[in-house]
Amino acid sequence: MLKVTEIAFSCYPVTDMARARKFYEGVLGLKPTMTVGEPGGMQWTEYDIANGTLSIGAGAPDWHPRSDGCSVGLEVEDFDQAIAHLKSSGVKFKMEPFPTPVCHMAMICDPDGNTICIHKRKTGHH
């Protein structure tokens with residue numbers, strides 16, 4: 001039997017790495033920790049966040065962005081400030097902000113239509 005010890009990384013397929021990096025770095029404020037590949041070929045960029053890694057990849061055959069695929073949840077320090085920043089940056093919201101018993105969340109789209117959850121846990125929840 002498999003013994004999974006952690007999620008190594010999550011990755012979104014993108015069609016234009018330069019455009020995607022402008023969004024992930026310029027709008028979301030992520031800092032790349034690894035980049036490989038050249039335009040026109042296979043490309044990969046990693047963003048280490050706490051104990052996990054979010055990656056974006058381009059150029060792999062038959063690997064395409066999807067708005068209905070798996071999504072990553074990004075925990076933010078200040079939910080209201082994050083939402084205001086995303087709206088002022090013109091980011092498309094797939095689902096407007098809403099509360100749950102344990103958190104606040106909203107679903108946004110990257111430039112390729114991949115869904116990203118913006119998330120803030122309520123005090124006392126982990």
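This is a predicted model: local features need pLDDT of at least 70, side-chain atom pairs count only at pLDDT 80 or more; totals for chains, interfaces and linings use all residues.
In soluble globular proteins, nonpolar side chains tend to be buried together. The largest nonpolar core here has 26 residues, and those touching the most other members are Tyr 24, Leu 28, Ile 108, Ile 116 and Ile 118. Two or more residues each come from helix 1 (17–27), strand 4 (52–58), strand 5 (72–75), helix 2 (79–88), strand 7 (103–109) and strand 8 (115–121). Helix 1 contributes the most, with 5 residues.

Ile 118 has contacts beyond its neighbours within four places in sequence, among them Leu 74, Phe 79, Ile 83, Leu 86 and Ile 108.

## Ser 71

Ser 71 sits in the loop between strand 4 and strand 5. Its relative accessible area is 32%, so Ser 71 counts as partly exposed. Leaving out residues up to four places away in sequence, Ser 71 touches Tyr 12 and Thr 115. Gln 81 is 10 residues from Ser 71 in sequence, and their C-alpha atoms are 21 Å apart.

The largest pocket holds about 550 Å³ of space. It is lined by 23 residues, and Ile 49, Val 72, Gly 73, Leu 74 and Glu 75 are the closest to its centre. Strand 5 supplies the largest share of this lining, 4 residues. By class, the lining has 14 nonpolar, 8 polar and 1 charged residues.

The second largest pocket holds about 180 Å³. Among its 13 lining residues, Cys 11, Tyr 12, Gly 69, Cys 70 and Ser 71 are the closest to its centre. Strand 1 (residues 10–13) gives the most to this lining, with 4 residues.

Definitions and conventions
Residues are numbered from 1 along each chain as its sequence is written. Side-chain values use heavy atoms; hydrogens and water are left out. A nonpolar core is a set of buried Ala, Val, Leu, Ile, Met, Phe, Trp, Tyr and Cys residues joined through side-chain atoms within 4.5 Å. Buried means under 20% relative accessible area, exposed over 50%, partly exposed in between (1.4 Å probe, protein chains only). Contact means heavy atoms within 4.5 Å. On a 1 Å grid over the protein atoms alone, a cavity is a set of points where a 1.4 Å probe fits but cannot get out, and a pocket is an open set with protein on both sides within 12 Å along at least five of seven lines; lining residues have an atom within 4 Å of a point. Grid points are joined across faces, edges and corners, and a volume is the space filled by probe spheres set on the points. Ala, Val, Leu, Ile, Met, Phe, Trp, Tyr, Cys and Pro count as nonpolar, Asp, Glu, Lys and Arg as charged, and the others, Gly among them, as polar.
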